[in-house]
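Subject: Structure handover

Hello,

Here is the structure for you to take over. My notes on it follow below.

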Amino acid sequence: MLVKRVIQIAGIPVLLSGVLLSSTAASAHHSFAMFDSNKSITVEGTVKNVAYANPHVWVDMVVMNDKNQAVTWGMEGGNLGGLYRMGWTKDTIRIGDKIKMEVHPIKDGTPGGQIMRVTLADGRVLGRGPGAPQQ
């Protein structure tokens, strides 16, 4: 009986600390702090891979650098629901498509960014800002 009561009492702080720690980890995981939101750059290239998965969409894109070398950029988009409201579907971007992306670049210079807008080969614009569909 005493052991059961100790477990009941001790279990509450353990449970609360687990909730606090997991919410901090989830918050950090969904952070866009790695991107420089004060800068926007536009890159052009060919889609290498697209991963439509929660919590975010990822697009790998091959971009030619200033030395005419192919560099793979990892672009992180928003969640599926938000992208859908901007006009995206699972078939919007496919491997081999030639596209332009406006992104907030990664702060440390790693080739990649947070997707803000995409201009497709047919001229359609998806994302935020001028030329993009209204949400």
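Of the contacts in the chain with a separation of 6 or more, what percentage is accounted for by residues 24 or more positions apart? The figure is 50%. Please bear in mind throughout that this is a predicted model.

Overall layout

The chain has 135 residues, and 30% of them are buried. It contains 2 helices and 6 strands. Read from the N terminus, the order of elements is α-β-β-β-α-β-β-β.

Confidence

Mean pLDDT for the chain is 79, and 70% of the residues reach 70 or more. In residues 12-29 the pLDDT falls below 50, and this stretch makes 1 contact in the model beyond near neighbours in sequence. Where pLDDT is low, the predicted coordinates should not be read in detail.

Strand pairing

Strand β2 covers residues 57-64 and strand β3 covers residues 70-76; the two run antiparallel and are joined by 7 bridges. Within this pair, Trp58 is placed opposite Glu76 of β3. The two strands form a hairpin, with 5 residues between them.

Asn68 sits in the loop between β2 and β3. Its phi is positive, at about 60 degrees, although Asn68 is not a glycine. Is Asn68 buried or exposed? With a relative accessibility of 59%, Asn68 counts as exposed, because the cut-off for that class is over 50%.

β3 also pairs with strand β5 (residues 112-119), this time in parallel, through 3 bridges. Here Met75 stands opposite Gly113 of β5.

The nonpolar core

The largest nonpolar core has 20 residues; those touching the most other members are Val59, Met75, Trp88, Ile93, Ile99, Met101 and Val118. β1 (41-52), β2, β3, β4 and β5 are the elements that each give two or more residues to this core. The most comes from β2, which gives 4 residues.

Apart from its neighbours within four places in sequence, Ile93 contacts Val47, Val50, Tyr52, Trp88, Ile99, Met101, Val118 and Leu120.

Two histidines

His104 belongs to strand β4, which spans residues 98-105. Its relative accessible area is 10%, so His104 counts as buried, the cut-off being under 20%. A polar atom of the His104 side chain lies 2.7 Å from the backbone oxygen of Lys39. Not counting residues up to four places away in sequence, His104 touches Phe35, Asp36, Ser37, Lys39, Ser40, Gly112, Gly113, Gln114 and Met116.

His56 is found in the loop between β1 and β2. What does the side chain of His56 reach? It reaches the backbone oxygen of Gly77, at 3.1 Å. His56 is buried as well, because its relative accessible area of 11% is under 20%.

Regards

Key. Residues are numbered from 1 along each chain as its sequence is written. This is a predicted model: local features need pLDDT of at least 70, side-chain atom pairs count only at pLDDT 80 or more; totals for chains, interfaces and linings use all residues. Side-chain values use heavy atoms; hydrogens and water are left out. Two strands pair if DSSP finds at least two bridges between them. Buried means under 20% relative accessible area, exposed over 50%, partly exposed in between (1.4 Å probe, protein chains only). A polar contact is a pair of N or O atoms within 3.5 Å; within protein, one must be able to donate a hydrogen and the other to accept it, and residues adjacent in sequence count only if both atoms are side-chain atoms. Contact means heavy atoms within 4.5 Å. A nonpolar core is a set of buried Ala, Val, Leu, Ile, Met, Phe, Trp, Tyr and Cys residues joined through side-chain atoms within 4.5 Å. pLDDT is the predictor's confidence in each residue, from 0 to 100.
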